[in-house]
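Subject: Structure for you to look at

Hello,

Here is the structure I promised to send. Please open it first, then read my notes below.

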Amino acid sequence: MNSGLIVLISVIIYGVIVLYISLRGRSINTTEGYFLASRSFGWFIMVCSVTMGIFSGLAFYGSPAFFFRSGSGTTAATGFFLTGLMYPVIGYKIWRIGKDKGYVTAADFLRNRYYSNGYGNLVSLLQLVFIIPYMALQFVAIGNGISVSTNGYVSFSFSVILFAILIGIYVYFGGAKGIGWLDIFNALIGLVMPVATAIFIVTTKFNGSWGNMAQTALTKFPEMMDFPGPQGLWKPGNIFAYMLSGNLVLIVAPHILPKLYMAKSKDTFKQMSIAGPIMYCWLAMGIMMLGMIGTAIYKGTLPDSQSDILVPLLVSENAPLIFTIMLLWALFAFATSTSDAFALSAASLISNDLVKRYGYKKIKDPVVKDNKCLQVGKISVLCLMPIMIWIAILRPAYIVDYAYSFASPGFAQIFPAVIMGLYWKRSTKEAAITGTVLGLITLSLTLFVWKWPLGIHPIIWSLGVNFISFWLVGIVTEPPKKIVEEYHLKYENPNAQVIGLSK
Amino acid sequence: MEKNVIDMKKPRERFFGWFPHEKVTKIFVLGNLAYFFFCCFVWPNLPPRLIWGWWTTYQWVTNFVICNWAAAMWGIYYYKFWPLLNDDIENDEFLQEEVKINE
């Protein structure tokens, strides 16, 4: 049988399994049930869901390619484990407030904590705008993965359309609960399949000698273990910047923060703080193995500029078809888990932040209104898919080159408002608006105009400006007393009273 | 726990109210900052060796030192010390009461 056809059948089998799992775990038909799985997830499902949400299909193909170009400093820059710190610091507190007040999205918290509809709408709009390029590039990764793995037997466009249909169906029917169960399945694939493939290639290509493989890589790429690396990237300041942009601040990304509302109890967050770092580092191990093996085999023959096809090339030329299928499943695992989280997040932004606030004003019954808003959210998932297909197939440069590079550090610009809003009683709406806006402006300037001033990553500049301006405005403005009581004293010190505020 | 009256005009509250009041939390925050900087500086200064013949020092240290130390450090703090996660209020009952009141 044609190998391309076999790969296509395997993709369809994966799709059937995904549909089965997600539909079995389908959510209750209320806003909280559909978008937050009725706040019922324990630590294991939470860790799998958050980790797989952060670790995207682009990271799966991109990390070995990054190792191939920049050496093993890539490992230092991952900083995956840092989210373990954030689960309780941000996660627990926002979960507690969110459960109390019925929040669904990040903007819900920010809108109410900063007593400003305008700021809430700004956050919703920014998140919605940047979800689109980030999500579309997952579709591009899948399209490339399938077409390269089948040597063009399955076209890029067909792969993208197939992926869009799959995501659309299971997010529509499964909701957050279906996605959560699916994330466990995907995490197991992500943990096992890259390692199994790496072991097979070393066994067959290097006679089972890992030392031989590593020495070959080092001979072909002598700077592989140098700091700051061949491109001068791995200076301490930039390692910190990559840790921040790649992981620490991703806890507030639009597809991750709502997941924190899904936890079952406070113990979930304690358990996540231990399980999170361990899960991250083991997930990254197989991927880094592929990077080093790829370096040993292809360094010097594959140009750095084409290193994004390293993983599919490595497996299709050095392992039997079954391993191509396994790695394709791993790609699907990483790409679907990020895309479905983004799709659900976009739907909740439309349903909760837009329709629920500004639509159906004549409907007085809250149950009926909730149901109507949920239907709009679910339909918006289906409407999002043609947009993703269009962007993935046409790949307009302004989205691929600009919006994507802006999206990840762009999401991070609400990090100061979230953490200060949770821990600083003097956080005011003026401070939040000033910090976020100046942070975004600084990010645009340091990313596109004065690129990387002093060789320092734009996220350091933008978050620095964001935090400092937030603090400066915060000390000269005053929050309402009611907000301090409702968001701080109630959870930290219920017996205390605040004095010294005029409002 | 903080004092029962919080004066928002006091310099400590006005300028540095975001910094924790509890001694153990202060140590934790400073410890984490030190740990971040240690991590950023330790990687470039590790000897560039292949452990067990193939595992780069950086990956080995990540998997067996940095991540595990972080998990242990945070686990102990959150389980034993952080007041928010170890307060006397039984969380779920507390929240259910709050939800009832709001309804």
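A polar contact is a pair of N or O atoms within 3.5 Å; inside protein, one atom must be able to donate a hydrogen and the other to accept it. Keep that in mind for the interface. Also keep in mind that this is a predicted model.

**Where the chains meet**

How many residue pairs are in polar contact across the interface of chain A and chain B? The rule finds 11, with both residues at pLDDT 80 or more. Helix α13(A) gives the largest share of the side of chain A that touches chain B, namely 13 residues. By type, that side of chain A divides into 44 nonpolar, 12 polar and 12 charged residues.

In a salt bridge at 3.2 Å, N to O, the side chain of K9(B) meets that of E478(A).

Now the extent of the contact. Chain A puts in 68 residues and chain B 58 residues. About 5800 Å² is buried between the two chains, and carbon and sulfur atoms give 69% of that area. On the chain A side, the residues that lose the most area to chain B are F81(A), M225(A) and K270(A). Together they make up 11% of what that side buries.

**The nonpolar cores**

In soluble globular proteins, nonpolar side chains tend to be buried together. The largest nonpolar core in this model has 202 residues. Which residues have the most contacts inside it? They are F60(A), F81(A), I90(A) and W43(B). Helix α9 of chain A, residues 156-205, gives the most to this core, with 20 residues. Another core lies apart from it and has 7 residues, among them V484(A), L489(A), V498(A) and M8(B).

Take F60(A) as an example. Beyond its neighbours within four places in sequence, F60(A) is in contact with residues including F55(A), P194(A), I287(A), L290(A) and F334(A).

Find T295(A) in helix α13 of chain A, which covers residues 266-298. Is T295(A) buried or exposed? Its relative accessible area is 0%, so T295(A) is buried; the cut-off for buried is under 20%. The side chain of T295(A) reaches the backbone oxygen of G291(A) at 2.7 Å. Leaving out residues up to four places away in sequence, T295(A) touches F67(A), F68(A), A217(A), K220(A), F221(A) and M224(A).

Best wishes

Definitions and conventions
Residues are numbered from 1 along each chain as its sequence is written. Chains are lettered from A and ligands numbered from 1 in the order in which they are written. This is a predicted model: local features need pLDDT of at least 70, side-chain atom pairs count only at pLDDT 80 or more; totals for chains, interfaces and linings use all residues. Side-chain values use heavy atoms; hydrogens and water are left out. Helices (H or I, at least four residues) and strands (E, at least two) are DSSP runs, numbered from the N terminus. Buried means under 20% relative accessible area, exposed over 50%, partly exposed in between (1.4 Å probe, protein chains only). Contact means heavy atoms within 4.5 Å. A nonpolar core is a set of buried Ala, Val, Leu, Ile, Met, Phe, Trp, Tyr and Cys residues joined through side-chain atoms within 4.5 Å. Buried area is the accessible area (1.4 Å probe) that two parts lose on being put together, summed over both. A salt bridge is a side-chain nitrogen of Lys or Arg within 4 Å of a carboxyl oxygen of Asp or Glu. Ala, Val, Leu, Ile, Met, Phe, Trp, Tyr, Cys and Pro count as nonpolar, Asp, Glu, Lys and Arg as charged, and the others, Gly among them, as polar.
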